[in-house]
Amino acid sequence: MAAKKIEAGLYEYKGYCIENMKDRAGAGYTLWNIAKIPTGGDVYDAYEAEDAANTLNEAKWFIDNIYLKEDK
């Protein structure tokens, strides 16, 4: 499943927000914050990041293989 691009550097994937902090927050290097979107929330809202990854694909891997498995 592909991440849904919301706008430059912001994606939604299986109930999580993935945000490129270099593009969107001026970080000195690329890192992708991962935050769960609360029920009834909006991907555009800011949420406390649960973790960060080096690439968008790595962020998706974390969601698939760690977060979603913990929720079961």
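1. Helices (H or I, at least four residues) and strands (E, at least two) are DSSP runs, numbered from the N terminus. Alanine 53 sits in strand E5. Alanine 53 is buried, at a relative accessible area of 3%. Buried means under 20% relative accessible area, exposed means over 50%, and partly exposed lies in between (1.4 Å probe, protein chains only). Alanine 53 and asparagine 33 are 20 residues apart in sequence, and their C-alpha atoms are 6.6 Å apart in space.

2. The model is predicted: local features need pLDDT of at least 70, side-chain atom pairs count only at pLDDT 80 or more, and totals for chains, interfaces and linings use all residues. Residues are numbered from 1 along each chain as its sequence is written, and side-chain values use heavy atoms, with hydrogens and water left out.

3. Now the confidence. pLDDT is the predictor's confidence in each residue, from 0 to 100. The chain has a mean pLDDT of 90. Of its residues, 97% reach 70 or more. Confidence is highest in strand E2 (residues 10-13), at 96. It is lowest in helix H2 (residues 56-70), at a mean of 90.

4. How many salt bridges does a search of the whole structure find? The search finds three. A salt bridge is a side-chain nitrogen of Lys or Arg within 4 Å of a carboxyl oxygen of Asp or Glu.

5. Take arginine 24 next. Its side chain meets that of glutamate 7 in a salt bridge, at 2.8 Å from N to O. This pair links distant parts of the chain. Arginine 24 is in helix H1 (residues 21-25), glutamate 7 is in strand E1 (residues 4-7), and they are 17 residues apart. Arginine 24 counts as partly exposed, at 31% relative accessibility. Glutamate 7 is also partly exposed, with 33%.

6. Arginine 24 has a salt bridge with glutamate 19 too, where the closest N and O atoms are 2.9 Å apart. Glutamate 19 is partly exposed, with a relative accessible area of 22%.

7. Aspartate 64 and lysine 14 form a salt bridge, their closest N and O atoms being 2.8 Å apart. Aspartate 64 lies in helix H2 and lysine 14 in the loop between E2 and strand E3 (16-20), so the pair ties together parts that are 50 residues apart in sequence. Aspartate 64 is partly exposed at 24% relative accessibility. Lysine 14 is partly exposed at 38%.

8. On the surface, Glu48, Glu50, Asp51 and Glu70 gather in a patch of negative charge. Patches are made of residues with over 30% relative accessible area and no salt bridge: like charges are joined within 9 Å, nonpolar side chains (Val, Leu, Ile, Met, Phe, Trp, Tyr) within 5 Å. Glutamate 48 is in the loop between strand E4 (32-36) and strand E5 (51-53). Is glutamate 48 buried or exposed? Glutamate 48 counts as exposed, because its relative accessibility is 74%.

9. Alanine 46 is placed in the loop between E4 and E5. Alanine 46 counts as exposed, at 76% relative accessibility. Alanine 46 and alanine 35 are 11 residues apart along the chain, and 8.7 Å separates their C-alpha atoms.

Methods
Accessible areas come from the Shrake-Rupley method with a 1.4 Å probe; for residues, only the protein chains shown count as cover. Lys and Arg count as positive and Asp and Glu as negative; His and the chain ends are not counted. The place of a charge is taken as NZ of Lys, CZ of Arg, CG of Asp or CD of Glu.
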